[in-house]
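Hi,

I'm handing this structure over to you today. Please have a look at it first, and then read my notes below.

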Amino acid sequence: MKVSKFFFATLLVSGVFASFSSVYAQENGNRDAENKIVRGPYETNRFGDNWFIGVAGGINLFEDGILSGEWQPRVAPAINVNVGKWFTPSVGARVGYLGLRANGWSDHQTVYATEFVEGKNFKEKVNFAYVYGDLMWNISNAFSGYKETRFWNVIPYVSTGLLHAYGVKGVDATNNQFSVGAGIYNTLRVSDRVNFTLDVRQMVFKGTFNGNKGGMAGMTSATFGIAVNLGRTNWKRATEVPEGYAPYKVSCINDLKADAERLANDNKKLAKNASALNNENDALKKENAALKAEQNKRKPALDVTSAAVFFNIGETTLDAQNLFNLDFYYQNVIAQDDNKVIVLTGYADKQTGSKKRNQQLSEKRAQYVYDILRNKYNVPAERIQVKAVGSESEFVKTPAQLNRSVVLE
């Protein structure tokens, strides 16, 4: 089999130049105080973290193993879709689909090579779909230490999967072959979530893939695309041993065990004392509850008349005099009986303003008094009911201006 010169060239450029660039030129941020590269260890992320989805397009070159003499490659289009996960900053895996069209030449006619071209043998066309799994190794992180903001990561991988061949228009032949291969996956950082990708792959499989009787064949693909990271995208280095730490001696460990045993005994004594105090506290709570119940029985319920606070025409806030009256009513009525429910009814003067405007005024006035009782005097919400009747119902007949009010009952 004649392996593609294109694959070798791309392999050298991506694998050698990019590796040296990644390892030696991008170390900043990965060194300790002594300028040594720090490589981990790293905490294990959740299952949903460090996933990625990639979509790419490009070309492939089909290498027919039975050809002899000068090889004449033919370029064909290819697409690549995959999903993967990084288990550590250096080790990951992915599954995907690579496929579209493979073009080549054959010195004899096959089910996929039917068109004869003078001086170039039979033109070969076959559709293919390669469902693969890759085991990936990020050598940039492995050699230089993990760096989230690294622009260029170089990731060799080994691959295996099922290669399915099927005919172009007018050809019904199909074939399945097991394929193995290797490649280099390059990522170029755009952001925490997005990378550009350059993926170069070499596959090897049986020559019967394209309708021949035997031998070996191969295919080189190069695709450029985009990958999106999902979940948590970074890695957190595990807590390191503090500088200057030294293991304890046996005598120190024995002393610590003795201290631990003493503290455990003290804790048991404290637990007994706490239990006694809890029992005493429960008894005091019961006694206090009984005293409160007795006090409530003796406390007479208040029987008071309604009160009102008055607003200026068109106003929804109280002046100082009416705020004083509201405070007086709270201190001498509301605060004296925790069981009473206060009903606030907002009114408006029907001799001025429209029906709609008066309804709005009564609502705002009642809400204003409600907010004072809640926020200033901390009256529970369940003790307050709010109504607004506008100018449809009058608090008093005359004088009419007294209906610009909120009545407390």
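In which helix is Phe143 found? Phe143 is in helix H2, residues 139-144 (helices are DSSP runs of H or I with at least four residues, strands runs of E with at least two, numbered from the N terminus).

A word on the basis: this is a predicted model, where local features need pLDDT of at least 70, side-chain atom pairs count only at pLDDT 80 or more, and totals for chains, interfaces and linings use all residues. Residues are numbered from 1 along each chain as its sequence is written, and side-chain values use heavy atoms, leaving out hydrogens and water.

Back to Phe143: with a relative accessible area of 38%, Phe143 is partly exposed (buried is under 20%, exposed over 50%, partly exposed in between, with a 1.4 Å probe and protein chains only).

Strand S7 (residues 174-189) holds Gln177, which counts as buried at 9% relative accessibility. Leaving aside neighbours within four places in sequence, Gln177 is in contact (heavy atoms within 4.5 Å) with Gly161, Leu162, Leu163, Lys206, Thr208 and Phe209.

Then there is helix H4, residues 320-332. Asn322, Leu326, Tyr329 and Tyr330 are buried in H4. Seen down the axis of H4, these buried residues fall within an arc of 100°, so they line one face of the helix (the arc is that of the directions from the helix axis to the C-beta atoms). They pack against strand S10 (307-310), helix H5 (355-375) and strand S13 (405-408). Ala320, Gln321, Phe324 and Phe328 are exposed on the other side of H4.

Best wishes

Notes: The expected span of a helix is 1.5 Å times one less than its number of residues.
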